[in-house]
Amino acid sequence: MADIALNPATTVPARGTPLIRAIGLHKSFGATKALRGIDLDVNQGEVLAVMGPSGSGKSTLIHCLAGVLAPEEGQVVIGDTDVTALNADERARLRLERIGFVFQFGQLLPDLTALDNVALPLLMNGVGRRAATVRARKWLDRLDISDQATKVPGDMSGGQAQRVAIARALVTQPSVIFADEPTGSLDSVAGEKVLTAMLEAVRESNTTVVLITHDARTAAYADREVIVRDGMLSAASRGVAA
Amino acid sequence: MKPSAARLLLLNGAPAYRRLAEIVAGVALGVGMVLILLGGFLHMPDRDDRVAWRTYGGEEFARADSEAPLPVPTANTVLRLTQPDYFMGGTYTIVRVAAADDTAVTLPDGLALPAPGEYYASPAMAQLIEDHPSDQLGDRFGTPIGERGDELLQGPSDRVVLVGSDWEELAKTYPTQLEDAFPASGSKFNTGLYRTVLAIGAVAVLIPIVLLISIVSQLGASERRERFATVRLIGAGRRAIAGVSGFEMLIATLVGGVLGIGVAAAIRPAASTLELDGSTSFGADLTPPALWTAGAIIAVALLGGATAWWRTFRDDVGALGSSRERAEKKVTAWRSVMLLVGLAMLIGPMIAFRFDAAASEFYNVLMLGGFAITAFGIVVAGPWLTRLASRVLNRFASTAPTVVAAGRLSRHARATFRSVAGLVVAVFIVSLFAGVVSAIEDVVTPRDTPGRLSMDAVVGEVGSPEEVHAVTAAITELEGIEGIAVAYWPTDDQGLLVMTPEDARAIGAVDVPDAPAVSLDLFEMLAGGTDIARDPVTPPVATNSIDESAPSQVFVITDGTAEAKERARTAIETSTVPGRAPLTRADFAAAGTLSFTHELETMAYLGMAVAIGISALSLTVATVAAALDRKRTFALLRLGGMPAAHVRRVIAIEASMPLGATLAASAGLGFFVAWAMIETLGNDMSMTWPDARYWWAVVASVAITAAAVFGSFGLVRRSTEVTSTRFE
């Protein structure tokens, strides 16, 4: 079947109101066109899986959605904020206040304890140390890793470190979380546990998740999945009327 | 490893060139300093040899007041009298020579000796004479007949006058020596000390160079972690990777070493202006021979290569890279034991001295040992102290940058301290030295004190009533002269000089009894350069009579201006036979310990300046390496919204906290040790504030570090751009 570019916003019934709206995104790196006119809506509280082969443009897509990269054409709106109209500092502020990130290897600061790693985004947001520590401890509790609070990442297992990373992403109670292969470095059992913990937490707080993954089993946890090929959304996306 | 593979490892674009440029710059600076110090060390004997003609040799002969006959002039003999003289707070050397008209003796440079009433001056001395009125200086010597060449001087600032004298007059003067030729070589008593200091300085400069190389190697490993891991993955061994890194550093340090010759040439004019053993240096005296230069460069290059090899070998990047941070071995409080022992060895004698001052020899040994152990103790305890300070910082941290920095410092206390260790030791020693010098200066700097010789008086030796009359006549018309007083040899066997009570009061004596004459201890009144300066002065004692036919000293009382004192000195010198130069109390103190102390102090400050420069560079490189180690994490934090300013603050805190803490701790310890030594061994000395140079050195260390850290911000910002995470 030939890939067909779709506009899920017009073909998928919205479960909630759209939180993220991407319209006609184009992004190139030199002669390589990474995104070629992507339209995408992600609803409030929705878990969206973005799949696709390497080099298809998945990461570029979420970088544009999160305001890390500025598209050459098109518009990204998060809530009522036009991300593409913001300058770099304003986009950084938006990410700090409304967006959380989870990466494949956790990317915790190796010299900080789990507690300090989780408290860090709050400190960056101007929250006092004591209050930040209390909130960070709550999130460690919630993700069932409070016993790791005083350990540094090097002394934890991969799964424990990834839970700390999830706690760090959620501690500021962001509107949306972008998770880039969050279980990619874990074995299947650990990966499943981490994913379940993350989804439980985000569903409780009605947080939107955009999840990049190669793994169909991981994608199956999402409410909806889209497939990116050659910088466009593919017709094979689940939950999408072709 | 094949050259093509090595090239792939070595040249990773701009970072590699920047890193190599840093190491080349650091090594060039260090080698430049080493070459200057090495040149000074090697040429100290040459400096001595050039002044041997006026310093050594000669035969003592019996004086006129004994029964022995005076030597008679012959074609093969010459009389020489070398003495220090004073001018405007400084000293110069006056060499008086007398020879037969047909003398065959020449100076080492082949020139004929000056005739009586004529003189040669060194260029610096000639300039000094030209710059001042003749009644203050020039009239002391006679008629100028030219300048002496460099081959007879210690250095460019060497101030020496060679004065032709009358044979008979000079023969009667103590301690004139009889020569049959001027010695061409010899070694001064303090040359060994200076050479030791220079050698220690040269070796000390190598320590921060090695630290710099070690840290830059670490930076290189951080920058090329992926490359190293890839090459390990395809089969390269640990030694092969270390070999490549060692070879790279060998070449870089070799290039830096060669450039160091240029650095040495650039800084040599400035280095030449520093006084060493009383004189500045000729450029050639700070230039090592070619063979030594080559040897020093090769030695530094081998040291650099070996250090980089060892550092990379220990870093051991595996085939899978370093996905996990390798924590340092935890530092514990045991590391403070040596420091505590050292401090106990200093404090113990300080307390014991209050109960039993007699065992001071034992206290000396104990305190010197305590000093050495404390110095080592600081280096051993440094990482533990750094960890302690960072934990305190973490405890009170309330912002993200402070928490991140404190976490890093706490977990990498050894590496952090390593980058400032050289500076810590330098600051400790310089602070100790500054403290001790402040106490010495406090004692030896003469002040107008009741009972001591008036600071306005110039005292000179006289041998006859005619000379007293001549001095009186000479000063009559001079500006700024307020009076004259005379001291006479005693008529009894007490040994103290005798004066009229009026004259005694005029020169500063107090509690002078009303009597026909009084005897007083002139040396006690003059002393300003020894421990007895603080002892009370013995008041003059009444005595019966004065033998006016036996004057000993003449005191010219001035209005206190430097010009008037020099006019008085010139008047005394030109009215009396050559003898010990007329002097003031300030001159007496300067001739004692002050000038030598200041020279050592200057060298200590220079050492500190070098340590500061290289430590600042090391600290910056270490900080950047630490930032690059966490490049991915920082970049992803920035992606998550962390402002670039927070990353800059992290870098600034990581660099400034250890420097600030260690500067404060080592300076505090240095002053404490100085205080302990002075309290125990200082014979009522007391420490005062160090002079301005110390504070300038501290300010410079902070400024250089700040500049270096600010300079690194650009690199850190670029390497943590959010777009750099595109392939994460």
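**Figure 1. Strands 3 and 8 of chain A pair in parallel within the predicted model.** Strand 3 (residues 47–51) of chain A is joined to strand 8 (residues 208–212) of chain A by 4 bridges. Within this pairing, A:V47 stands opposite A:V209 of strand 8.

**Figure 2. The surroundings of A:L170 in chain A.** A:L170 belongs to helix 6 of chain A, which covers residues 158–170. The residue A:L170 counts as buried because 23 C-beta neighbours lie inside 10 Å, where 20 or more are required. Apart from neighbours within four places in sequence, A:L170 is in contact with A:G100, A:W139 and A:A201. Although A:A136 and A:L170 are 34 residues apart along the chain, their C-alpha atoms are separated by 9.5 Å.

**Figure 3. The side of chain A that touches chain B.** The contact between the two chains draws on 23 residues of chain A and 26 residues of chain B. On the chain A side, helix 2 (58–65), helix 3 (88–98) and helix 4 (114–124) each supply at least two residues. Helix 4 of chain A gives the most, with 5 residues. Sorted by class, the side of chain A that touches chain B has 13 nonpolar, 5 polar and 5 charged residues.

**Figure 4. Helix 10 of chain B, with its buried and exposed residues.** Helix 10 of chain B runs through residues 337–355 and has 19 residues. From first C-alpha to last, helix 10 reaches 27 Å, close to the 27 Å expected at 1.5 Å a residue. Its buried residues include B:L339, B:G342, B:M345, B:L346 and B:P349. Seen down the helix axis, the buried residues of helix 10 fall within an arc of 130°, so they line one face of the helix. The face turned away from this buried side carries the exposed residues B:V337, B:I351, B:R354 and B:F355.

**Figure 5. Helix 8 of chain B and its kink at B:A266.** Helix 8 of chain B has 35 residues, spanning residues 238–272. The reach of helix 8 from its first C-alpha to its last is 47 Å, close to the 51 Å expected at 1.5 Å a residue. At B:A266 the helix has a kink of about 35°. This kink lies shortly before the proline B:P269.

**Figure 6. Strand 8 of chain B beside strand 12 of chain B.** Strand 8 (residues 481–488) of chain B is mostly covered, with 6 of its 8 residues buried. An antiparallel pairing of 7 bridges joins strand 8 to strand 12 (residues 551–558) of chain B. In this pairing, B:A485 has B:F555 of strand 12 as its bridge partner. Of the 728 residues of chain B, 49% count as buried. Among contacts in chain B between residues at least 6 apart in sequence, 84% join residues at least 24 apart.

Conventions:
Residues numbered from 1 in each chain as written. Chains lettered and ligands numbered in written order. Predicted model: local features only at pLDDT ≥ 70, side-chain atom pairs only at ≥ 80, totals over all residues. Contact = placed C-beta atoms within 7 Å. Nonpolar A, V, L, I, M, F, W, Y, C, P; charged D, E, K, R; others polar. Buried ≥ 20, exposed ≤ 12 C-beta atoms within 10 Å, placed from the backbone. Expected span 1.5 Å × (residues − 1). Arc of directions from axis to C-beta. Pairing = 2+ DSSP bridges. Bend = angle between axes of the 7 residues up to and from the residue.
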